[in-house]
Amino acid sequence: MSSLIKTFSRKLFTLMSIAGVAALMSSTVSAIGQSPEDIAARVAPIGNVCISGEECEVSSAAAVAANDGPRSGEAIYNQFCTACHSVGVAGAPKFGNAGDWAPRVAKGFDSMMSNAINGINAMPPRGTCTTCSDDEIKGAIEYMVDNSQ
């Protein structure tokens, strides 16, 4: 029985190897049939680096947001926090639920601010707002707490 399994395993490995080589050759052949422009478009960079003080072709959303001034706590909540805090994903305190927020408020604002900036449990650092300033994070916390008492 053992030799039958070994024979089957070798044949299966051989068939898988042949299939892999065939797939590789197929993709290589199709790449050869592409024009230089098609290949250049396929391997083009997905972004550009914009250095402060130099003119850039495309401004990033973060740069545009920074130029508009700080966003309100409500705007930050609606854009970045609501996905988890509206329904309590992974234990997140729910917006409008005083019972969820009371233990956090009891630990103090500095504790909530530290957790928001550094992340806690399933919440990543800064929630999902990597472009938020500390003041914007503070505003979002204040907005959630003020509307959950």
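Modeller: Let's start with Arg126, which forms a salt bridge with Asp134; the term takes a side-chain nitrogen of Lys or Arg within 4 Å of a carboxyl oxygen of Asp or Glu. This is a predicted model, where local features need pLDDT of at least 70, side-chain atom pairs count only at pLDDT 80 or more, and totals for chains, interfaces and linings use all residues. Residues are numbered from 1 along each chain as its sequence is written, and side-chain values use heavy atoms, leaving out hydrogens and water.

Biologist: How far apart are the closest N and O atoms of Arg126 and Asp134?

Modeller: Arg126 counts as partly exposed at 23% relative accessibility, and Asp134 does too at 38%. Buried would be under 20% relative accessible area and exposed over 50%, with partly exposed in between (1.4 Å probe, protein chains only). The closest N and O atoms of this pair are apart by 2.6 Å.

Biologist: Which residue meets Arg71 in a salt bridge?

Modeller: The N to O distance there is 3.0 Å. Arg71 lies in the loop between α3 (61-67) and α4 (73-85) and its partner in helix α7 (residues 134-146), so the pair ties together parts 65 residues apart in sequence; helices are DSSP runs (H or I, at least four residues), numbered from the N terminus.

Biologist: How many salt bridges does a search of the whole structure find?

Modeller: Besides those pairs, Asp100 forms one with Lys94, with the closest N and O atoms 3.8 Å apart. Lys94 is partly exposed, at 31%. The whole-structure search finds three.

Terms used
Helix = DSSP H or I, 4+ residues; strand = E, 2+ residues; numbered from the N terminus.
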